[in-house]
Amino acid sequence: MQIEVVTLFPEMVRGALAHGVVGRAIERGLARVGTEDVRAHTSDPHRTVDDRPYGGGPGMVLKPEPLLAAIRAAHARLPAGSPRICLSAQGEVFDQASAHELAGLPGLLLVAGRYEGIDERAIELGMDRELSIGDYVLSGGEIPALAVIDAVVRLLPGVLGDERSSIEESFAEGLLDWPHYTRPEVFEGRAVPQVLLSGNHAAVRRWRLGQSVARTWSRRPDLLALHGLAAEASGLLNEYLAARAGGGRKVEGESHEQDRSGNREEPHDPRGSGFQAG
Ligand code: 4GX
C-alpha cells in the first residue's frame, strides 16, 4: 500500500514512522509512506500558508492555494482509487472497521491540517472524506494521520506474524483484550491466575474469552451493543452475570467504577436493544 501525507511538518511524520511494527513494514516494502510539504507550494517571499479568518475571531486559517497544490501533487503519485482523507474533529469517527476498510485500498492520501481550520473550499475541492480519531481537540492533524497509518499498516498482509491471529482474527474480535501475564509467577505478592499455568489450552481459551467479555461488559458496554456476541461469549457473559448476582463479591471489572462516562449507575444492558447472541 502506498500512503501520502500532506503536512506542514513532514519531519514529524517521517520520524514517527521509523520505529516499531510500521517502521519494519516500510523497510520490508510492505507499505510506502511519502510526505508532501504544504510550504513547498507557496510562491511569496514569506512562504505564507495561513491567513486571518473572514468574519473575524481568533486564530488563523490554512490558505486554500498551497494546500490544494500539495494535495494534487501527492495524489498524482498514488494509484487510482486512493481516497483523499482529511483528519479533523468534524470527521466520521475512525474505528477498527474503518482501519480494515482502508487496509483494502491501493493507497491513501492523508491531509494533516494545522491552525483553527482549513479554508472550507479546499475541503470541498480537495478531500473525499473526513475522519476523526476521537472527540478531543488536537493542535494538528499529524498525530491523527499517524494513528490511522499505524492502525492500517499493521493489518496489511505479512506485517504481523503470530501477534496477529491472536487478536484480529480471534474469538475475541470486537471485545476488549484479556489480561496478560509473563514471568515471574509471583510478582510483589500477586500470583498469575492458576488456569494459565495449567497447560489446559481449552480452559485457557475459555478463561481469556470470559475475561474479555466481562471487561467489555463493565468498561465498554457500547462495544457489545455494536458487535453483539458469538454464542460462546454470550454464554460466558451470562455465567459472569449470574456469578456476580449470586455472590455479590467484588471481582475484577465487576463494579462500574471505571465506566468512562463517569456514570456510577449500572450501565444499560446492551442486550436490551439491538443486541443479539449468535
Ligand atoms: N481527529 N484536529 C486537525 C486542524 C483542522 C481543523 C479543521 C481540518 C479542519 C483531530 C481529531 C483534531 C485538530 C486535527 C484541528 N484541520 N483530527 N486540526 N480529533 O482534533 O482528527
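Visitor: Which residues come nearest to the ligand?

Guide: A residue is near a molecule if one of its heavy atoms lies within 4 Å of it. Here 21 residues are around the ligand, and Ile118, Ile133, Gly134, Tyr136 and Leu138 come nearest. Keep in mind that this is a predicted model, where local features need pLDDT of at least 70, side-chain atom pairs count only at pLDDT 80 or more, and totals for chains, interfaces and linings use all residues. Residues are numbered from 1 along each chain as its sequence is written, and side-chain values use heavy atoms, with hydrogens and water left out.

Visitor: What is a polar contact?

Guide: A polar contact is a pair of N or O atoms within 3.5 Å; within protein, one must be able to donate a hydrogen and the other to accept it, and residues adjacent in sequence count only if both atoms are side-chain atoms. A polar backbone atom of Leu138 is 3.0 Å from a ligand oxygen. For Gly134, a polar backbone atom lies 3.1 Å from a ligand nitrogen. For Ser88, the distance from a polar backbone atom to a ligand oxygen is 3.4 Å.

Visitor: At what angle do helix α4 and helix α6 cross?

Guide: Helices are DSSP runs of H or I, at least four residues, numbered from the N terminus. Axes are lines fitted to C-alpha atoms, for helices over the stretch in contact, and angles run from 0 to 180 degrees between N-to-C directions. The axes of α4 (residues 96-103) and α6 (residues 142-153) cross at roughly 70 degrees and come within 8 Å. So α4 is roughly perpendicular to α6, a term for angles of 65 to 115 degrees.

Visitor: Which residues of α4 and α6 meet?

Guide: Contact means heavy atoms within 4.5 Å. On the α4 side are Ala99, Leu102 and Ala103; on the α6 side, Val148, Ala151 and Val152. The residues of this contact divide into six nonpolar, no polar and no charged. Nonpolar covers Ala, Val, Leu, Ile, Met, Phe, Trp, Tyr, Cys and Pro; charged covers Asp, Glu, Lys and Arg; the others, Gly among them, are polar.

Visitor: Is Ala99 buried or exposed?

Guide: Buried means under 20% relative accessible area, exposed over 50%, partly exposed in between (1.4 Å probe, protein chains only). Ala99 has 0% relative accessibility, so it counts as buried. Leaving aside neighbours within four places in sequence, Ala99 contacts Phe94, Ala151, Val152 and Leu155.

Visitor: Where is Leu223?

Guide: Leu223 is in helix α9 (residues 221-227). Leu223 is buried, with a relative accessible area of 15%. Not counting residues up to four places away in sequence, Leu223 touches Gly174, Leu176, Thr216 and Gly228. Leu176 is 47 residues apart from Leu223 along the chain, with 8.6 Å between their C-alpha atoms.

Methods: Helix = DSSP H or I, 4+ residues; strand = E, 2+ residues; numbered from the N terminus. Parallel < 35°, antiparallel > 145°, perpendicular 65-115°, else oblique.
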